Amino acid sequence: FFRFAPQKSKAMGISAWCFVLCLLLAARSANANEWEWAGAFNLDTAESYTWAAYKKNGKYADGKMKLLIWPTSNATGAGIHAIEAEAKAKWNSASPVEVQTTSGISLTSNVLYNLIFNEGLFASLFRVDLSNTQGGTSAFVILTQHNPAEFEANHTHYFIDDHGHHANPGATEPADDHHNHDHASQDIAN
């Protein structure tokens with residue numbers, strides 16, 4: 001009998017610790033943004049860009065993805081945080097515009113999209129046109145339902161300019177730009 005008492009106490013301690021951990025994770029999830037990834041970019045609004053999703057091992061990471069492009073003050077972590085409240089309101093209140101690869105619709109700022117990937121193609125490409133963005137900004141935050149790295153294949157990139165060069169963010173959230181849900185931001189040195 002006495003031999004098992006410390007084990008029971010230890011088990012209760014572990015259960016209590018797990019309970020507290022679950023509460024903390026639930027509280028964090030309740031306050032987290034709906035998007036999984038955000039990238040702050042300096043973009044030339046006179047150029048066009050392509051948002052791309054590629055199959056890995058014969059399939060897309062998911063068949064669709066929400067995406068929102070929002071103007072900001074600068075392409076840093078502070079630029080991401082500056083637009084979060086407005087972007088969250090748009091993300092939660094708007095019915096997304098469904099866009100398929102072959103639709104011919106260009107993605108613009110301040111519109112919530114649901115990108116539908118073409119299962120018949122290795123790559124689903126979406127044109128991004130920011131030429132009508134008001135306010136003269138060149139800094140934009142792109143918010144996505146999934147981390148875009150999930151949709152990259154060998155030697156591909158999720159965002160390219162009209163010259164075929166990678167368009168890279170100045171900052172991302174999560175900071176490591178890999179699939180996880182740690183929403184700390186990091187400024188990336190160019």
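If you skip its neighbours within four places in sequence, L115 is in contact with W51, G63, K64, M65, L67, V99, L107 and F126. Before I go on, please keep in mind that this is a predicted model.

So what is L115 part of? It's one of the residues with the most contacts inside the largest nonpolar core, along with W51, L107 and F159, and that core has 24 residues. As background, nonpolar side chains in soluble globular proteins tend to be buried together.

Have a look at the open sheet made of three strands, in the order β6-β2-β8, with antiparallel pairing. Which strands sit at the edges? Those are β6 and β8, and each of them pairs on one side only. Going from one strand to the next, the twist averages 25°.

Let's go through the two pairings. β2 and β6 run antiparallel and are joined by seven bridges. If you want to find your way along them, A53 stands opposite S124 in β6, and Y49 stands opposite V128 in β6.

How many aromatic pairs does a search of the whole structure find? It finds 11. One of these is F41 with F159, an edge-to-face pair at 5.1 Å centre to centre with 80° between the planes. F41 is in strand β1 and F159 in strand β8, so this pair ties together parts that are 118 residues apart in sequence. Both F41 and F159 are buried.

Another pair to look at is F117 and F151. Their ring centres are 5.1 Å apart and the planes are at 50°, so this one counts as tilted. It links distant parts of the chain too: F117 sits in the loop between β5 and β6, F151 in the loop between β7 and β8, and they're 34 residues apart. Again, F117 and F151 are both buried. And if you'd like a group to colour on screen, W37, F41, Y49, W51, Y158 and F159 form one aromatic cluster.

Most residues other than glycine have a negative phi, and most peptide bonds are trans. Here are some exceptions.

N57, in the loop between β2 and β3, isn't a glycine, yet its phi is positive, about 55°. Is N57 buried or exposed? Its relative accessibility is 82%, so N57 counts as exposed.

H155 is another non-glycine with a positive phi, about 60°. You'll find H155 in the loop between β7 and β8 (159-161). With 85% relative accessibility, H155 counts as exposed.

And where's the cis peptide bond? It joins E173 and P174, with omega at about 5°. P174 itself is in the loop between β9 (171-173) and β10 (186-187).

Key
Residues numbered from 1 in each chain as written. Predicted model: local features only at pLDDT ≥ 70, side-chain atom pairs only at ≥ 80, totals over all residues. Heavy atoms only, no water. Core = buried A, V, L, I, M, F, W, Y, C linked by side-chain atoms within 4.5 Å. Buried < 20%, exposed > 50% of the residue type's maximum accessible area, 1.4 Å probe, protein only. Contact = heavy atoms within 4.5 Å. Helix = DSSP H or I, 4+ residues; strand = E, 2+ residues; numbered from the N terminus. Pairing = 2+ DSSP bridges. Axes fitted to C-alpha atoms, helices over the stretch in contact; angles between N-to-C directions. Phe/Tyr/Trp six-rings, centres within 6.5 Å; stacked < 30°, edge-to-face > 60°.
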